[in-house]
Amino acid sequence: MTATIRSGIEPTTEDAMTQPDQEAPIRSGPVVDVLLADGDVATVRMLQPDDRDALLDLHRRTDPDNLRLRFFTASPATARRYAEGLLDRADQVIVLVVVRHDILIGVAAAELVGPDTAEVAFLVDPAAHGLGIGTLLLEHLAAAARNRGIERFVAEMLAENGPMIKVFADAGFGYRRTLERGVISLELDTVASVRAVAAADAREARAEARSLAPLLRPAPSQSSVSAGTALASAAPC
């Protein structure tokens with residue numbers, strides 16, 4: 001297992017010395033172990049050809065409400081076509097996935113729409129909402145984009161998509177948004193600002209605390225539970 005890395009949000013010395021390379025194979029990239037909000041460990045990595053079934057399954061098990069928030073339609077066929085398109089275009093699009101216990105539970109894509117601009121989109125398994133997966137994907141996607149000379153992300157989302165809006169707002173990157181007819185158009189810088197680094201630090205600290213909780217507060221042994229039950233039974237009512 002690789003060491004836990006905060007999120008790629010703070011450039012390393014090697015990153016700083018490396019020139020952006022838009023010609024590098026997009027399927028290649030680091031495999032990084034990360035802590036989810038509940039303290040569990042997951043992996044962030046690039047989408048690979050053998051992820052096909054897992055990616056299609058993620059879109060298949062997403063409920064209609066979340067499909068509508070993601071695709072502006074609840075059509076499973078639309079979701080399937082999009083997933084298959086990601087697989088077909090994986091050499092031209094930056095696609096990251098989150099895998100926990102061998103199950104693909106999140107995906108994020110950045111597709112070039114200009115020399116230094118990419119349109120981004122995210123989908124997280126409804127059963128894994130609240131674990132910070134969207135934030136982790138955004139942080140790692142921004143790092144991967146910076147390495148390829150992408151300076152900004154753009155996205156469109158329904159104004160009612162509160163969780164995704166919160167991900168963008170809380171990540172700490174500079175961003176601007178406009179609202180028209182219930183749709184938010186968002187533009188976000190990929191630069192790792194001081195606020196973005198601080199937000200990543202705080203998120204990781206919370207996740208680490210939860211991961212250590214079972215060690216710091218071990219469950220009572222069976223003998224302790226039995227003794228406590230016996231004492232309680234013997235006590236007067």
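**A residue in the sheet and its surroundings**

Modeller: V98 is placed in strand β3; strands here are DSSP runs of E with at least two residues, helices are runs of H or I with at least four, and both are numbered from the N terminus. The model is predicted, so local features need pLDDT of at least 70 and side-chain atom pairs count only at pLDDT 80 or more, while totals for chains, interfaces and linings use all residues. Residues are numbered from 1 along each chain as its sequence is written, and side-chain values use heavy atoms, with hydrogens and water left out.

V98 has 1% relative accessibility and therefore counts as buried. Buried means under 20% relative accessible area, exposed means over 50%, and partly exposed lies in between, with a 1.4 Å probe and protein chains only. Leaving aside residues up to four places away in sequence, V98 touches A42, T43, V44, I103, L104, I105, G106, I133 and L137; a contact means heavy atoms within 4.5 Å.

Next, the strand itself. β3 runs antiparallel to β4, and seven bridges join the two; strands pair if DSSP finds at least two bridges between them. In this pairing V99 stands opposite L104 of β4. The two strands form a hairpin with two residues between them, and H101 in that turn has a positive phi of about 50°. β4 then continues the pattern with β5: eight bridges join them, again antiparallel, and V107 stands opposite L123 of β5. β4 and β5 also make a hairpin with two residues between them.

These strands belong to an open sheet of eight strands, with mixed pairing and the order β1-β2-β3-β4-β5-β6-β8-β7. At its edges are β1 (32-35) and β7 (175-180), each of which pairs on one side only. From one strand to the next, the twist averages 25°. At the β1 end, four bridges join β1 and β2 (residues 41-46) in the antiparallel sense, with D33 opposite T43 of β2.

Helix α2 (residues 52-60) touches β4 (103-114) and β5, and its direction makes about 95° with that of β4. Helix α5 touches β1, β2, β3 (94-100), β4, β5 and β6 (152-158), and its direction makes about 145° with that of β3. Axes are lines fitted to C-alpha atoms, for helices over the stretch in contact, and angles run from 0 to 180 degrees between N-to-C directions.

α5 covers residues 133-146, and at 1.5 Å a residue its 14 residues should span 20 Å; its end C-alpha atoms are 20 Å apart, which agrees. The expected span is 1.5 Å times one less than the number of residues. Because 14 of the 14 residues of α5 are buried, the helix is largely enclosed by the rest of the structure.

The structure holds two aromatic pairs; rings of Phe, Tyr and Trp (its six-membered ring) pair if their centres lie within 6.5 Å, and planes under 30 degrees apart count as stacked, over 60 as edge-to-face and the rest as tilted. F71 is in helix α3 (residues 64-71) and Y82 is in helix α4 (residues 76-88), 11 residues apart. F71, at 13% relative accessibility, counts as buried, whereas Y82, at 22%, counts as partly exposed. In the other pair, the rings of F122 and F168 have centres 5.8 Å apart and planes at 80°, so this pair is edge-to-face too. F122 lies in β5 (residues 117-124) and F168 in helix α6 (residues 162-170), 46 residues apart. Both F122 and F168 are buried.

Last, the whole protein. It has eight helices and eight strands, and buried residues make up 41% of its 237 residues. Among contacts between residues at least 6 apart in sequence, 65% join residues at least 24 apart.
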